[in-house]
Amino acid sequence: MNLQIIIGSTREGRRSLQFSKWIEKTAKENKNLNVELVDLIDYDLPMFNEAISPRYNPTRVLTGDVKKFLNKLNEGDAYVFVTPEYNHSLSGVLKNALDYIANELNKKPAAVASHGSVGGARAAEHLKMILSECRAVIVPINLHFNHFIDGSIDEEGNLVKELKELAYGPHTTVNTMVEELVWYAEALKIAREK
Ligand SMILES: Cc1cc2nc3c(=O)[nH]c(=O)nc-3n(C[C@H](O)[C@H](O)[C@H](O)COP(=O)(O)O)c2cc1C
């Protein structure tokens, strides 16, 4: 089972990196999962300008980093999309990447992990609508992290002890989110193969 964590910020000094590493580290505790960070910084995706919407373009020819990115997404069985909140929405770089998607997420589960002053809740709601239009199945448990990231998660993705031990805190939510993704990924894989 391949779980991909898509890092939705590429700016210098981005906090989304350590945030994503924490999710990766937690998910890796499930030994049945192959967990991979998909970092948008590794893909040179120009501003989307294809003449035809990807989902309605059967003769679409993919090249370069767009092809590399979409092939990578194709390998996923389940996804966590990480977004910061920029101006009450998801990051532009993530929205642009999502606009390239045709059927790569089709009938596969996706969760949203957001951060910001209100846990990135506004960005998360926008992102869920977009992912749904990209044909992903949004799982019910999503993560909204409203703690100061620098004081909460170190560069290697370790969550501070107080938050790790907090009842109903972010550590519990991440674990539940991963459990949900696994449940849906297994069920949907069987259904897709039928
Ligand atoms: C252009 C811009 C707009 C932002 N707008 C919001 C916002 O609307 N709400 C919020 O809670 N934080 C906002 N922030 C703060 C970011 O959520 C915070 O800087 C976060 O660390 C960004 O994620 P990143 O470091 O991974 O890029 C904004 C930051 C930037 C750079």
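Me: Which residues come nearest to the ligand?
Reply: Of the 13 residues around the ligand, those that come nearest are Ser 9, Ser 16, Pro 84, Gly 116 and Ser 117. A residue counts as near if its C-beta atom, placed from the backbone, lies within 6 Å of the molecule. This is a predicted model, in which local features need pLDDT of at least 70 and side-chain atom pairs count only at pLDDT 80 or more, while totals for chains, interfaces and linings use all residues. Residues are numbered from 1 along each chain as its sequence is written.

Me: And by class, what is in that shell?
Reply: The shell has six polar, four charged and three nonpolar residues. Pro counts as nonpolar and Gly as polar.

Me: Which residue stands opposite Ile 6 in strand 2?
Reply: That is Val 38. In strand 3, Leu 3 has Ala 78 as its bridge partner.

Me: Is strand 1 mostly covered or exposed?
Reply: Strand 1 is mostly covered, with five of its six residues buried, that is, with 20 or more other C-beta atoms within 10 Å of their own.

Me: What does Phe 81 touch?
Reply: Not counting residues up to four places away in sequence, Phe 81 touches Ile 6, Gly 8, Ala 110, Val 112, Leu 127 and Leu 131; contact means C-beta atoms, placed from the backbone, within 7 Å.

Note on methods
Contact = placed C-beta atoms within 7 Å. Buried ≥ 20, exposed ≤ 12 C-beta atoms within 10 Å, placed from the backbone. Helix = DSSP H or I, 4+ residues; strand = E, 2+ residues; numbered from the N terminus. Pairing = 2+ DSSP bridges.
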